[in-house]
Amino acid sequence: PSARSRMSPLGWLAVASLCLGSLCAVPAKERRKAEKPKADPSLYGNLDLGNYDLTLDNYGEILDLSNYEELYDYGDLVPKIEVGTLAPLPKDPKTLPELGEATAGSPKLQPPSAIPTPGHGEGGFHAPPGLPSCLLCLCLGSSVYCDDSELEKVPVLSPDTAYLYARFNRIGTVGAGDFAGLEQLKRIDLSSNSIAWAHAAAFRGLPRLQELLLAQNRLTALPELPRSLVRLDVSLNRIGSAGLSHEAFRDLKQLQFLHLSDNQLDFIPVPLPESLRSLHLQNNNIQTMHEDTFCDSQELGQIRRALEDIRLDGNPINLSLFPNAFFCLPRLPTGRFS
């Protein structure tokens, strides 16, 4: 036999050991590279580290921090433009419009010092015709506030005025045209003035007027009233029985509050509308009343539930003498019963 075939088993073992030794001589780092090639980061957009065996030796190769910014999607952090926000101011101040310059089709701006104010300018400032109330008073929406403004007459009001407050002034009269054309008026408060006379038609043409407050004035007669009234207060005046027209309140079907206290009345002004809830007649000169003043003596089953507040105190009348006048009321009037 040949020398190769005659090699003893011990020789074969030596050769195998020699080959193994040559393989082990390859560095561990190079051997691992050969066994498992480096992964392509583009294949793993979410960087799923569970696919790798991390060790201290291969950490820097698998997780390449230099490329991390490229892999991360910043799309959701892009600033969004909100609708309705103001445009940023130009950086160059020369591009700003100068005060007083006007663009095409726009009104010319004036500096604040050029805006006219009352009492300024040669001969003083004259209010535009038809609307001086907002220069003399405070206008908020459809309300005009003229309290304690030293007014001597009713101011000219805008046609859309709904509420007028002109208390604590020196208004002496109310003319026929002071409220002409003001069909939106709902409340007029002229309390605590010096009104001694009001034209009979001063409030006639106000279809929406609900509250008329003329307390603490010097009225001796009551003008005609619109049928829309809900509240009328003319207390603390000088109104006598002659100053009320015949059946003055009969047609006021919406009237709920009628305050005539501290005047010079010597009778209760009947008939009173069924809508009435409060009647103040205290401190007058009322001495007697009719059985039908509040109730219908022919209708014994009548119940007038709405009229719960009647003030007759301060009058020279003994209410106990007129028991049939109260049977339909939910409560007795306030006054003297002895």
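Mentor: Happy to. First a term: helices (H or I, at least four residues) and strands (E, at least two) are DSSP runs, numbered from the N terminus. What you see is a predicted model, in which local features need pLDDT of at least 70 and side-chain atom pairs count only at pLDDT 80 or more, while totals for chains, interfaces and linings use all residues. Residues are numbered from 1 along each chain as its sequence is written, and side-chain values use heavy atoms, with hydrogens and water left out.

A nonpolar surface patch is made up of Leu138, Leu140 and Tyr145, which together have about 280 Å² of accessible area. Patches take residues with over 30% relative accessible area and no salt bridge, joining like charges within 9 Å and nonpolar side chains (Val, Leu, Ile, Met, Phe, Trp, Tyr) within 5 Å; the areas come from the Shrake-Rupley method with a 1.4 Å probe, and for residues only the protein chains shown count as cover. Tyrosine 145 sits in strand E2 and is partly exposed, at a relative accessible area of 33%. On that scale, buried means under 20% relative accessible area, exposed over 50%, and partly exposed in between (1.4 Å probe, protein chains only).

Next, look at the loop between strand E2 (143–145) and strand E3 (163–165), where you will find aspartate 148. Aspartate 148 has a positive phi of about 50 degrees, although it is not a glycine. Most residues other than glycine have a negative phi, and most peptide bonds are trans. Aspartate 148 counts as exposed, with 59% relative accessibility.

Aspartate 147 brings in a salt bridge, meaning a side-chain nitrogen of Lys or Arg within 4 Å of a carboxyl oxygen of Asp or Glu. The partner of aspartate 147 is arginine 167, and their closest N and O atoms are 2.6 Å apart. Aspartate 147 lies in the loop between E2 and E3 and arginine 167 in the loop between E3 and strand E4 (173–174), so the pair ties together parts that are 20 residues apart in sequence. Both partners are partly exposed: arginine 167 at 26% relative accessibility and aspartate 147 at 27%.

Further along, arginine 187 is part of strand E5 (residues 187–189). Leaving aside residues up to four places away in sequence, arginine 187 touches Ala162, Tyr163, Leu164, Tyr165, Leu209, Glu211, Leu213 and Arg231, where a contact means heavy atoms within 4.5 Å. Glutamate 211 forms a salt bridge with arginine 187, with 3.7 Å between the closest N and O atoms. That pair links distant parts of the chain, since glutamate 211 is in strand E7 (residues 211–213) and arginine 187 in strand E5, 24 residues apart. Arginine 187 is buried, with a relative accessible area of 18%.

Serine 192 lies in the loop between E5 and strand E6 (197–198). Its phi is near 60 degrees, a positive value in a residue other than glycine, and serine 192 is buried at 17% relative accessible area.

Now for the wider picture. The whole structure holds 11 salt bridges, and Arg227, Glu247, Arg250 and Asp251 are linked in a network of them. Glutamate 274 and arginine 304 also meet in a salt bridge (3.9 Å, N to O). Glutamate 274 lies in the loop between E9 and E10 and arginine 304 in the loop between E10 and E11, so this pair ties together parts that are 30 residues apart in sequence. Glutamate 274 is exposed, with a relative accessible area of 53%, whereas arginine 304 is buried, at 4%. The loop between strand E9 (257–259) and strand E10 (278–280) also holds proline 271, which is joined to valine 270 by a cis peptide bond with omega of about -5 degrees.

Finally, the rings. Rings of Phe, Tyr and Trp (its six-membered ring) pair if their centres lie within 6.5 Å, and planes under 30 degrees apart count as stacked, over 60 as edge-to-face and the rest as tilted. The whole structure has 4 aromatic pairs. Phenylalanine 294 and phenylalanine 326 have ring centres 6.5 Å apart and planes at 35 degrees, so this pair is tilted.
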